[in-house]
Structures are given as structure tokens and as C-alpha cells.
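Good morning, and thank you for making time for this item.

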Amino acid sequence: MDVMDKQLSIRNRNLTKPAVYAGLIVILSLLPLLIKSPYWLHVFILIFIYIIATVSLRVITTSGQFPLAHAAFMGIGAYTSAVVSKELGWTPWLTIPLGALAAMVIGILIAYPFARLRAIYYAVVSLFFGIGVLQILFVFEKWTNAYGGLIGIPYLLGATKVPYYYFFLGLTSLCLLALYRFEFCRIGTNLKAIAQSYMVASSVGINEARYRVIAVAVGCFFVGLAGATYAHYNVVLSYTSFDMLATLWLVLYAIVGGMGSFAGPIIGTAVLMVVPELFRELKEFVPFLSAGILLVVVFLMPQGLVGLPQLVRSWIVRRRERKAITHAS
Amino acid sequence: MELAVISLVNTLVLASMYILVALGFALLFSIMGILNFAHGAVYMIGGYICYGFAVQLGINLWLSLLLAVLIVASFGLFLEKFCFRPFSGNFDRTIVVCIGVILILETTVNLLVGYNVWSIPEFASGIIRIGAIHLSAERLITFIIGGALLLIMVWVINGTRTGQQMQAVSQDPEGAALQGISIHRVSALACFTACGLAAVAGSLMGAYLSLTPFMGSQMLVKALQLVILGGLGSIGGIFFAGLVVGAIDATLPLFISGAASQAIAFGIIVVLLLFRPQGFFGRKSG
Amino acid sequence: MLLEIDGLTKHFGGLAAVSRLDMQVNKGEIVGLIGPNGAGKTTVFNLVTGFLQPTRGKVVFDGKNITGKKPHVIAELGIGRTFQLNPLFADFTVLKNVVASFHLRPKSSLLATYFNTATYRRNEAYILEQSREILQLVGLDTVSDELAKNLPHGYQKMLGMARALAIKPRLLLLDEPLAGMNPDEIDFSMAAIKKTRQQGMTIVLVEHNMQIMDLCDRVVVINFGHKIAEGLPGEVRRNEEVIRAYFGGEYVA
Amino acid sequence: MLLKVKNITVHYGKSLALNDVSVEVAEGSVVSIIGANGAGKSTILRSLSGLMPLTSGGIWFSDKRIDGMAANEIVKLGLVHIPEGRKLFPYLTVLVNLKLGASLHKDKSGTNQAMEEVFERFPILYERRNQQAGTLSGGEQQMLAIARGLMARPRLLLMDEPSLGLAPIVVDELAEVIKDINQRGVSILLVEQNIPLALRVANRGYALQVGKVVLEGDIDEFKSTETVRRAYLGG
């Protein structure tokens with residue numbers, strides 16, 4: 001099995017992977033020609049946005065930190081951009097980067113004190129932070145209209161779906177490219193080193209605190225970007241999109257897809273968002289479906305959905321072996 | 001004066017309910033290494049089951065409470081065996097399992113009774129007068145039941161063989177197994193108790209306030225606050241943190257508008273934890 | 001003098017794990033730090049490398065006071081170490097363990113790293129070459145593509161040493177380098193230590209296995225945090241207090 | 001034979017921890033296993049008490065096969081393991097630690113009697129009975145670990161490095177305690193790095209090297225072998 005994996009991964013590295021990605025982008029680019037339903041375009045656009053969010057979440061986890069405030073940072077980006085463009089009349093093209101930067105700055109500010117927390121302490125304290133920071137929306141009710149929902153946010157590209165579809169397809173591809181490079185250069189290696197053993201990492205001179213902060217800064221920037229663009233696409237914001245439950249869903253997308261690989265969160269997001277839409281007629285029974293997916297993955301696929309091909313492969317091999325044995329005897 | 005007494009009573013009521021839920025949550029964490037994110041949902045269905053028996057089926061209220069507790073506690077046994085034991089100590093996968101459980105419970109509630117706000121009838125009615133002070137009997141009974149259960153729990157954990165075995169497993173599972181203690185039995189018992197306590201709190205809170213689908217996640221956050229603030233593994237810490245959080249929740253809104261008080265409450269907690277990551281009474285480790 | 005430890009003391013709760021320890025290490029020496037289990041040897045290493053803060057006392061490295069500095073700063077100054085329980089970058093390959101440990105020299109800036117500049121690529125190519133050399137030195141070049149967690153115990157120990165060498169240290173602290181090794185691995189590991197020493201490395205090592213004494217220029221014996229003897233390996237072996245600490249009263253001849 | 005370990009092989013993750021090891025303990029004897037750190041000594045005890053699954057081989061305790069049984073089931077048979085590092089319950093009192101040692105025994109009078117005997121043998125534990133176990137000194141903790149093991153009323157006591165971190169004078173005391181327990185009818189399988197202690201109390205010895213038994217024999221013969229002298233006494 002090991003040999004097989006190695007061959008496969010070598011082949012992947014050379015040609016298959018880029019080809020697959022290019023093919024995927026071509027197919028996705030052609031999709032609006034086939035799908036005329038604005039509803040389905042909407043679903044795809046949301047998936048693109050959430051892919052940025054979950055992949056940026058995973059960046060932070062590669063450093064061994066498990067943040068449970070990621071949707072709140074998405075909210076920081078979204079509300080910053082929405083409120084500034086609405087109140088000051090700035091163009092979204094300017095406020096979107098501003099929203100992303102706001103998320104990053106707040107991320108950096110908390111990352112320093114949080115760098116002394118480990119494991120579940122980090123997770124739980126960041127969870128409290130996420131809930132608390134969201135309460136600030138209610139304090140500034142005048143601008144955020146947090147209870148009723150913020151409306152009247154300027155559109156980024158008008159009211160039709162197709163331009164957004166291409167915009168987000170491009171943006172998400174760029175973000176993924178940027179984050180991919182981040183993970184697979186020495187910076188990412190250092191983050192993974194810290195996650196595996198922070199003692200060894202610091203004994204070879206890696207500044208643990210600094211790299212943990214870098215991971216958070218990058219993760220928060222990209223999720224802030226996702227939030228800010230979402231604000232000017234959806235043009236209505238509700239705080240429930242960014243609360244604890246929303247954070248937990250982001251985490252679920254990543255875990256169900258598979259935290260161990262770059263592709264995991266992408267696959268997890270796509271599957272967990274598309275499947276409920278496919279079975280929309282089931283209405284209030286849909287959550288059972290989602291729960292079913294969660295339970296199937298957690299019990300049968302320890303590596304998440306990305307581990308499925310290998311699982312199937314090893315299952316086939318085992319079956320073949322069993323057959324061979326019965327034939328022999 | 002009156003304000004002070006009211007906020008004191010409210011503090012005690014809230015604190016006793018928070019502690020009931022948090023104690024169970026802490027038991028599961030220290031014995032199985034499970035952060036049970038579904039504990040809030042378990043608390044919620046406790047309330048809804050009690051409501052179902054008492055209002056929809058018209059059964060005696062106290063009997064309904066008892067039935068709700070038994071059903072939810074048995075559900076705890078199921079959770080232990082099929083959802084927690086396979087993933088003990090694995091943070092990622094327990095989150096997934098717990099959210100699966102939350103989804104199933106919440107959706108079931110939605111299908112059966114809908115997402116409207118309901119209320120369980122009062123367990124006691126009327127006003128009790130002590131001098132110049134007026135207290136609702138409902139609050140008093142909630143506090144008395146909560147307080148009594150907590151006292152019983154403290155006695156069980158510290159004074160009985162079973163409780164000592166629970167502590168042993170939480171301090172050194174391998175050491176405990178070598179003394180012939182069955183870790184599975186202790187885990188199952190902890191889960192049974194934890195879910196039962198949550199159901200009591202859910203039913204009482206459903207009468208004291210009301211039943212909403214959000215009560216679960218709100219209580220989950222409280223339980224997390226208590227357990228982390230008190231210090232993992234410290235029962236005294238949970239009680240202390242319960243009073244602190246209860247006081248903040250009962251008192252701050254009297255002075256500052258709701259949202260700001262919430263933000264400040266979380267701010268206080270985050271800052272406390274940054275200075276003392278092991279909580280008030282935490283044993284120094286990790 | 002390369003390392004000077006002066007009155008080093010560490011209390012855990014009320015107990016002194018290390019008590020007023022003085023110790024010097026000269027350039028080019030191999031010094032053995034020995035003592036029974038629980039004597040405080042690993043604590044000394046943790047104090048020197050910044051993983052623990054001393055209660056009192058001073059650590060001077062190459063004329064510079066490094067007491068209380070962060071571990072990564074001390075690594076940067078040139079002290080490399082291994083760990084007793086030998087944590088690894090378990091999910092990296094053997095080669096990547098060493099490559100990842102080449103964090104300090106040569107160092108690329110964050111931006112150069114991210115944008116894959118020519119300098120960064122040159123640095124990484126150099127690092128790859130150096131890493132292979134180090135693996136050859138410790139005899140792990142044949143398993144460089146294995147995942148570290150799949151290596152046998154003895155190999156993992158040697159990988160720990162390879163990793164410490166990757167920071168190009170001037171002082172190497174080895175915590176039980178021979179523990180859990182079979183006789184062949186012990187011979188091999190001792191040879192590797194000798195080779196590093198011939199290249200001019202200064203080494204302090206903690207070990208139970210008395211075979212290691214043959215390698216040492218000088219031995220410091222501690223028990224319950226106190227230094228009880230110091231001297232040439234031969235002298236220390238005959239020291240009554242040392243024999244008592246190790247074997248109990250009965251074996252004092 | 002009270003205990004028969006036949007050709008057991010154990011893996012720790014993917015690496016081989018024990019390779020075809022056989023050990024026997026006769027009723028009433030003290031058997032010592034010596035070897036360096038990482039040789040697999042603790043692994044033997046951990047497999048015996050059900051903490052570690054076997055890859056192959058079998059274990060018989062008074063003619064009953066016990067490999068594959070759960071740890072708490074094995075204790076019931078009278079095979080009691082005092083683990084390395086003691087594994088006390090540090091935040092419970094000495095008294096409660098001792099009571100937990102008798103978790104399996106339902107009869108109160110038997111437990112009380114065992115408790116009396118234990119206090120008689122370790123008066124210091126009686127003095128400290130209401131103190132948290134974590135606050136005892138190293139030597140006292142080791143005595144408590146042994147006492148807790150005795151509370152289970154063992155037929156065979158497995159001791160893993162009881163001398164770890166103890167001062168020489170306490171080690172002497174420990175040797176006396178081991179001999180005394182043995183004289184009262186409990187068989188003992190001792191794993192030690194402190195070779196003199198191991199050789200002093202045992203009737204029979206095994207030497208382990210990287211997961212394999214390289215030497216075994218009755219104690220006098222065992223002691224006199226060149227390998228033992230050279231490898232472990234540094235002479």
C-alpha cells in the first residue's frame with residue numbers, strides 16, 4: 001500500500017494535480033452557462049465565500065491552535081466594511097480591504113496574549129472572545145442595527161448573480177493560491193513544526209509566539225475578506241451568521257472535509273453546503289441529513305472526506321486479498 | 001435594599017442552575033476527556049420533555065420532572081456508549097459528534113413542538129413575604145431543588161465509594177484501572193448523572209424563564225465559563241465561578257444595558273483567563 | 001570557557017530540584033553529567049536552554065548572560081539540545097525533520113520565503129545538501145524518506161541529535177543519547193558523538209549507561225540537585241559517595 | 001507455576017517492544033527483571049496487567065489464560081500491578097487511596113483487616129492518613145503505592161521500578177519491605193534498574209535487552225555471570 005501511495009503522490013506532484021485544478025476551474029467557469037437558476041448560483045457563490053473562510057481557519061490550526069472565534073472575525077470584516085461604506089459613503093472596493101485589515105489587526109491584538117494558552121484552553125477562551133466581541137455589535141446598535149438586521153449595504157457589483165459568480169470564483173481561486181503557497185513554504189513548515197512539538201521547535205530556534213501570531217494574522221485577514229465581500233454581495237447582515245453556532249459550522253466543514261490536508265476544508269464546505277440544498281424539499285427534515293453526514297464521516301472516515309478514496313482503495317485491496325485466500329484454500 | 005436582595009436571590013437561583021449543568025459537564029470532561037458541546041442541547045430537551053409530559057399529556061408536574069430526568073439520564077447512557085467512548089480525548093471528532101447530536105435533538109424538538117416560546121407551569125406559585133421583602137415561591141423552589149441536588153452531589157463525589165472512584169479515574173485513569181475500577185462503568189455513571197442533572201436544570205429553568213430553542217447554546221456557554229473559570233478538575237472552583245458568573249448575570253444588567261453588560265461580562269472572563277489560564281482553583285498543569 | 005553555571009537553583013513548590021550548582025565547560029570538551037534517576041540532570045538542561053526559569057543563579061554562555069532567555073533565543077546563540085523522551089516532528093519525514101530544524105542558518109526573511117525569491121531558493125538548496133550531510137554523519141541517510149514516527153527507537157534518538165546539529169550549535173546538550181538502544185546502536189551512536197567532537201563541538205551529556213564515561217573528558221555527578229563529585233571518569237568511578245548514591249551502602253567496598 | 005508468560009510479542013505502535021519473551025514465576029518466589037531504560041521491562045508488566053495488547057503469545061495465571069482480559073478483571077484474580085511512577089491519586093487522601101486499592105472487595109471486615117495490617121507495616125501512612133497523597137515525600141508515596149497494592153490482597157504483586165528517585169537509605173528500607181511481603185505469602189515480580197536491589201531480594205533473575213531475554217537463571221548463578229557484572233555494575 002505504501003509503495004502505491006508513493007507512486008501516486010509522485011504522479012500527483014508532476015501533472016495530475018495542476019491538471020485537475022485547471023479542469024475544475026474551467027468547468028466552474030462554464031457552469032453559469034448551464035445553470036440559469038439564480039438560486040443555484042447563489043448557493044455556489046456562498047460556497048466560494050465559505051471556502052475562503054474554512055481554508056483560512058485551517059491555516060490557524062496548522063500551527064496547533066484551535067480557534068473557536070472564526071465566524072466572529074468574519075463578522076468583524078463584514079460589519080466594518082458594511083458600516084463604513086454605508087455611513088461614510090466609501091466605495092466597497094476600498095472598504096473591503098479595510099474590513100479584512102480590521103479583522104487582521106484585532107486578530108493580532110488578541111494573538112499575543114492568547115499565545116500563552118494551549119490546547120483546549122485556547123479553544124475555549126477564543127470561543128468566549130468570539131461571543132463577547134459579537135456583543136459589541138449590540139452596543140453600537142445605532143450603526144449596526146444588530147437586532148433587526150443591517151440593510152442598505154451598497155452592492156459591490158449590482159443585483160444580478162452572474163458577475164458575482166465570476167468575481168468570487170476568481171477571488172476564491174486567488175485566495176487559495178495565496179494560502180497554498182503560505183502552507184507549503186518554510187513558514188507553513190515552521191507552523192506545522194510548532195504544532196507537532198513546540199518544545200523541539202523552539203529548541204531549534206523557531207520563535208513559537210511569533211509564528212503563532214503570524215498564523216492568526218493570516219487566517220483572520222482572509223476570513224475578514226470573506227466576510228467583507230459577503231456583506232456587499234448579500235447586502236443584508238444578521239449577527240446570527242457570525243455567532244458561536246456559525247463558528248462551529250466552519251469548524252465542522254473543515255473537520256468533515258479533513259483537517260489533515262489543504263483540500264479537506266474545500267471538500268467539506270462544498271459537500272456540507274450542497275447536499276442540504278439538493279434535498280431542499282425535505283424542509284424541516286434537512287438537519288437530520290446534515291447530522292447523518294456528520295455521523296457517517298466521524299464514525300467511518302477518521303481522515304475526513306478526503307480520506308475516502310484511500311479508504312475505498314484499501315477496502316478493495318482487502319477484499320481482493322480475502323478472495324485470493326478463499327480461492328487458494 | 002430591596003434591589004440588593006432581589007439581585008442576591010437572582011444570583012443564587014441562576015448560580016445553582018448554572019452549577020448543576022456545569023458540574024455534569026465537568027464530570028464528563030475530567031472522567032472521559034470529552035468536552036460535551038451537546039450538553040446544552042441535553043439540558044434543553046430535558047425542559048421540553050418535562051413540558052411535553054406536563055402540558056401536552058397533562059401528567060402531574062412533579063412526575064413529569066421525574067420522567068424527564070430518567071429519560072434524559074438514560075439517553076446519557078446511550079451517548080456514553082456510542083458517541084463519547086469511541087472518541088474519548090479526541091477534540092476534533094467529539095465536536096463533530098456533539099454537533100450531530102445537537103442537530104438531531106433540536107430538529108426533533110422543532111418537528112414535535114415547533115420553535116415557539118413555551119413555558120412549563122410553575123412548580124410553586126405565590127409570593128413569600130419575609131419582613132419587607134417579597135420573593136416569588138417559584139424562585140425559592142428552584143433554588144432549593146438546585147441547592148439540595150448540589151449538596152447531594154458534593155456528598156456523593158467526596159463521601160461515597162462511587163464518587164471516590166470517579167475522582168480516582170479523573171486523576172489517573174490507568175492507576176484506577178489497576179485498582180480494579182471499571183472505567184466504563186464509572187464513565188457510564190458519570191454520563192447518566194450529568195445528563196440527569198442537566199434535565200433537572202432544563203425543567204426548572206423552563207418554568208422559571210421559558211423554553212426556547214436557544215436555551216441550549218446559552219447554557220453551554222455558561223457551563224464552559226464555569227468549568228474553565230473555576231479551573232478544570234476543581235469542584236469548589238465551579239461553585240465559586242458559578243456564584244461569580246451568576247452575580248454578573250443577575251447584577252450587571254441592572255446597571256448597564258443588556259448588550260454592553262454581556263460584552264463586558266465576556267471581557268472580564270477573557271481577561272481573567274489570560275492572567276490565570278488554570279482558572280481560580282485550577283491545579284497547575286497544561 | 002564556553003559555559004559557566006553559577007549557583008544555579010530551581011525550586012518546584014517547596015522542593016529543590018537543583019541546588020546551588022556550579023559547573024564549567026571548556027571549549028572542545030565532552031562533559032558527562034551523571035546521577036541516579038530524579039537527581040535533577042534534565043532540570044539542569046531545561047534551565048540552561050530556557051525551558052525553565054531558575055529560582056536563583058546565573059548561566060553564562062560564551063561571555064554572555066543567558067539566564068532566563070527564551071528557548072529560541074538561546075538556540076540562536078548556539079546551544080543545541082536533544083530531549084530525554086525524544087519528541088520529534090513525528091509526521092515529517094526524517095529529512096524534513098532536519099530541514100525544518102535548519103531554521104537559523106542560513107535564514108531567509110518572511111517575504112523572501114513567501115515569494116520564493118532566488119535567495120530563498122538558494123538557501124533551501126544549501127539546507128537540503130547540509131541536511132543530507134548531517135544525516136550521513138549520524139547514519140540515517142538510508143531512511144531519510146521514512147516518517148519519523150515509524151523509525152525504531154534508537155534511530156529516533158539519533159534523529160534528535162541530527163536535528164540539534166542542524167542549528168550549527170557551538171554547544172550540544174545530549175539528554176540520555178544512548179537510552180533504549182541495542183549494543184550495535186550504542187556503538188554507532190558513540191562513534192557519531194566522537195565524530196562530532198572531532199569537528200570541534202563542545203558537548204555536555206546526561207546518561208545512565210556507564211559506557212559513556214569512556215567518551216568524557218570530565219564527569220560531574222549530581223544527586224538530589226547537589227553536586228556530589230567532579231573529576232576524571234576514572235576518579236569518579238572510585239568515589240565512595242558516587243557508588244553509594246548509585247548502588248546503596250552495600251556496594252562500598 | 002503461578003505465572004507463565006509464553007513467547008509473547010508486543011508492538012508499541014509499529015515498533016517492536018517485546019520479542020518472543022517468556023517468563024515464569026513460581027508460587028512464593030521473588031523474580032527480578034533487569035535491563036536498561038527502554039529494554040521493555042515495563043512493557044512486560046503492562047501486558048500482564050491488561051494495559052497493553054499482545055501481538056502473539058499467551059499469559060497464564062494459575063493455569064487460567066488472562067491475555068485479552070480487561071485490566072480490572074485481571075486485578076480480580078489477584079494479580080496486582082504497582083505501576084512505574086506510582087500512579088497515586090494525588091488529590092485524594094492517603095486513606096481514600098488505600099480504600100480505592102480495595103475497590104474489588106465487597107466485604108468490609110476483610111478490607112478493614114487489610115487496612116490494619118497495612119498501617120501496622122507502614123506506621124507513617126497511618127500518621128499521614130488524612131493528607132493528600134500528592135503532598136507525601138517520594139519515599140512515602142512509594143510506600144503508599146505498595147500499601148495500596150496490598151489492599152487488593154494480591155497473590156502476585158508486579159512492581160515497576162519501586163526504587164525510582166528514592167534516596168539510598170529508603171531503597172534499603174524498600175528491600176526489607178519487599179522481603180517481608182514475600183514472607184507473608186505474596187509472590188513478587190520485580191522490574192528494576194537498580195541492579196543491586198533487584199539482585200538482593202530475588203530468587204530468580206531475567207535480563208532484558210531491547211525486547212529480548214538475554215539471560216535467565218537462579219539468582220546465584222545469575223549474579224555471577226560475566227554479562228551481568230560487566231553490563232550493570234560498571235566493573
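Let me begin with a term: two strands are said to pair if DSSP finds at least two bridges between them. Please also bear in mind throughout that this is a predicted model.

With that term in hand, consider chain D. Strand β1 of chain D, residues 3-12, and strand β2 of chain D, residues 15-25, run antiparallel and are joined by seven bridges. One bridge to locate on the display is that of D:Val5, whose partner in β2(D) is D:Val23. Two residues lie between the strands of this hairpin, and D:Gly13 adopts a positive phi near 65° there. β1(D) is also joined by five bridges to strand β4 of chain D, residues 56-61, and that pairing is antiparallel as well. Here D:Lys6 has D:Gly58 in β4(D) as its bridge partner.

I turn now to chain C, and to its sheet of four strands. The sheet is open, its pairing is antiparallel, and its order is β2-β1-β4-β5 of chain C. At the edges stand β2, residues 15-25, and β5, residues 64-65, of chain C, each of which pairs on one side only. Between strand β1 of chain C, residues 3-12, and β2(C) there are seven bridges, and the two strands run antiparallel. Among the partners, C:His11 is bridged to C:Ala16 in β2(C). Helix α1 of chain C, residues 41-48, packs on this sheet and touches β1, β2 and β4 of chain C, with its direction at about 115° to that of β1(C).

Chain C also has an open sheet of six strands, with mixed pairing and the order β6-β7-β8-β3-β9-β10. Why does one side of β6 and of β10 of chain C lack a neighbour in the sheet? These two strands, residues 79-81 and 226-231 of chain C, are at the edges with a single partner strand each, so one side of each has no neighbour there. From one strand to the next, the twist averages 20°. β6(C) and strand β7 of chain C, residues 171-175, run parallel and share three bridges. Within that pairing, C:Leu171 in β7(C) is the bridge partner of C:Ile79. Helix α6 of chain C, residues 153-165, packs on the sheet and touches β6 and β7 of chain C, its direction making about 160° with that of β7(C). α1(C) lies across β3, β6, β7, β8 and β9 of chain C, running at about 145° to β7(C).

Finally, the contacts between chains. Which of the four pairs of chains that touch has the most contacts? That pair is chains A and B. Here 40 residues of chain B are in contact with 40 residues of chain A. The two chains bury about 3600 Å² between them, 85% of it on carbon and sulfur atoms. Between chain B and chain A the count of salt bridges is zero, and two residue pairs are in polar contact. On the side of chain B that touches chain A, α4 (91-113), α9 (215-230) and α11 (258-275) of chain B are the elements that give two or more residues. Of these, α4(B) provides the largest share, with 14 residues. The residues on that side of chain B comprise 29 nonpolar, nine polar and two charged.

Other pairs of chains do not touch. Chain B and chain C have no contact, and their closest C-alpha atoms lie 11 Å apart. Chain A and chain D likewise have no contact, with their closest C-alpha atoms 14 Å apart.

How values were computed
Residues are numbered from 1 along each chain as its sequence is written. Chains are lettered from A and ligands numbered from 1 in the order in which they are written. This is a predicted model: local features need pLDDT of at least 70, side-chain atom pairs count only at pLDDT 80 or more; totals for chains, interfaces and linings use all residues. Side-chain values use heavy atoms; hydrogens and water are left out. Contact means heavy atoms within 4.5 Å. Axes are lines fitted to C-alpha atoms, for helices over the stretch in contact, and angles run from 0 to 180 degrees between N-to-C directions. Buried area is the accessible area (1.4 Å probe) that two parts lose on being put together, summed over both. A salt bridge is a side-chain nitrogen of Lys or Arg within 4 Å of a carboxyl oxygen of Asp or Glu. A polar contact is a pair of N or O atoms within 3.5 Å; within protein, one must be able to donate a hydrogen and the other to accept it, and residues adjacent in sequence count only if both atoms are side-chain atoms. Ala, Val, Leu, Ile, Met, Phe, Trp, Tyr, Cys and Pro count as nonpolar, Asp, Glu, Lys and Arg as charged, and the others, Gly among them, as polar.
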